[in-house]
Amino acid sequence: LCFYILFLCFVFQAEDGIRDLVRSRGLGDVYKRQRYNTLKLRRDTLIDEKDAILNFISEVEKEKSEVFLKTFNEIASNFSEIFSEISPDGTAQLLLEVEDNPFEGGVIIDAKPLGKNVRTAVALSGGEKAITALSLIFAIQRHKPSPFYILDEVDANLDDANVERTADMIKRQAEKTQFILITLREGMMSRADRLFGVSMYKKGLSSMVALEVEKVVSQEEALA
């Protein structure tokens, strides 16, 4: 935009020079013709460059919109699929406020757990909000995984059934990336690969205990 305004200033200056030349008196015709041709060439060049810049901006905006919509549609599809897995028979979708021009508006999260017909996320319970947020995180993660995720007691407001479904989802997602979870829920801990427990055995002194879940399960099965 700044370059565009600057080019307009140069064009206006060239046009002013042409008008001043036409109004001038006492100058030779040859000189005026040469001066006129110089200013006209300068003006035409600036207009061509302005058009080239505007075309470039238009191409960038078009490509930006195409890339955004492709990414948005993939994440939206993942979001709907993952939400229905964590919340069986529930539905959720991501919508654009302005479909024709996505950059002029925001994104609407429309989540409806089974048996509820809510219009806004505010009407959802704490557990339902957590499921919706986790579904969005997993949808983005499925599209483009980060090296690792840290989730701090995201299961605090979930009932036992939703904890287990969420834990199963994290277990599947963990095949592509690493998850570090802080949790107090048995359903989540039972599906972890490794557990690290911190306890205070003396006042002001803490100890950490590490546990390989698969090894413990194998040992228990061997003893059984």
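Trainee: Which backbone oxygen does the side chain of threonine 177 reach at 2.4 Å?

Mentor: That is the backbone oxygen of serine 146. Keep in mind that we are looking at a predicted model. A polar atom of the threonine 177 side chain also lies 2.7 Å from the backbone oxygen of proline 147.

Trainee: Where does threonine 177 lie?

Mentor: Threonine 177 sits in the loop between H4 and strand E4, which covers residues 178-182. Leaving aside neighbours within four places in sequence, threonine 177 is in contact with Gln141, Pro145, Ser146, Pro147, Phe148 and Tyr149. Along the chain, threonine 177 and arginine 142 are 35 residues apart, and their C-alpha atoms are separated by 9.7 Å.

Trainee: Does threonine 177 count as buried or exposed?

Mentor: The relative accessibility of threonine 177 is 8%, so this residue counts as buried. The cut-off behind that label is under 20% relative accessible area.

Trainee: Let me step back to the whole chain. How many helices and strands does the protein chain have?

Mentor: There are six helices and six strands in the protein chain. Following the sequence, you read the pattern α-α-β-β-α-β-α-β-α-β-β-α. The protein chain has 224 residues, and 26% of them count as buried.

Trainee: Now the core. Which residues touch the most other members of the largest nonpolar core?

Mentor: The general idea comes first: in soluble globular proteins, nonpolar side chains tend to be buried together. Here, the largest nonpolar core has 26 residues, and Ile82, Ile86, Leu94, Phe138, Ile170 and Phe179 are the ones touching the most other members. Two or more residues come from each of H2, strand E1 (91-96), H3, strand E3 (148-152) and helix H4 (160-173). H2 gives the most to this core, with seven residues.

Trainee: What does phenylalanine 179 touch?

Mentor: Not counting residues up to four places away in sequence, phenylalanine 179 touches Phe138, Gln141, Tyr149, Leu151, Ile170, Gln173 and Ala174.

Trainee: I would also like to look at methionine 169. Where does that residue lie, and what does it touch?

Mentor: Methionine 169 lies in helix H4. Its relative accessible area is 0%, so methionine 169 is buried. With residues up to four places away in sequence left out, methionine 169 touches Ile82, Glu85, Ile86, Phe138 and Arg142. Methionine 169 and serine 135 are 34 residues apart in sequence, with a C-alpha to C-alpha distance of 9.5 Å.

Trainee: On to charges. How many salt bridges does the structure hold?

Mentor: Side chains of opposite charge can pair when their charged atoms come close. This structure holds nine salt bridges. One of them pairs glutamate 81 with arginine 142, with the closest N and O atoms 3.4 Å apart. Glutamate 81 lies in helix H2 and arginine 142 in helix H3 (residues 126-143), so this pair ties together parts that are 61 residues apart in sequence. Glutamate 81 is partly exposed at 38% relative accessibility, and arginine 142 is partly exposed at 24%.

Trainee: What about aspartate 51: what is its salt-bridge partner?

Mentor: Its partner is lysine 50, and the closest N and O atoms are 3.9 Å apart. Aspartate 51 counts as partly exposed at 33% relative accessibility, whereas lysine 50 is buried at 19%.

Trainee: Finally, the surface. Which residues make the nonpolar surface patch of about 330 Å²?

Mentor: Leu54, Phe56, Ile57 and Val60 make that patch. Isoleucine 57 is found in helix H2, which spans residues 29-86. At 33% relative accessibility, isoleucine 57 counts as partly exposed.

Note on methods: Residues numbered from 1 in each chain as written. Predicted model: local features only at pLDDT ≥ 70, side-chain atom pairs only at ≥ 80, totals over all residues. Heavy atoms only, no water. Patch = residues over 30% accessible without salt bridge, like charges linked within 9 Å, V, L, I, M, F, W, Y side chains within 5 Å. Areas by Shrake-Rupley, 256 points an atom, 1.4 Å probe, with all protein chains shown as cover. Salt bridge = Lys/Arg side-chain N within 4 Å of Asp/Glu carboxyl O. Helix = DSSP H or I, 4+ residues; strand = E, 2+ residues; numbered from the N terminus. Buried < 20%, exposed > 50% of the residue type's maximum accessible area, 1.4 Å probe, protein only. Core = buried A, V, L, I, M, F, W, Y, C linked by side-chain atoms within 4.5 Å. Contact = heavy atoms within 4.5 Å. Polar contact = N/O pair within 3.5 Å; in protein donor to acceptor, adjacent residues only side chain to side chain.
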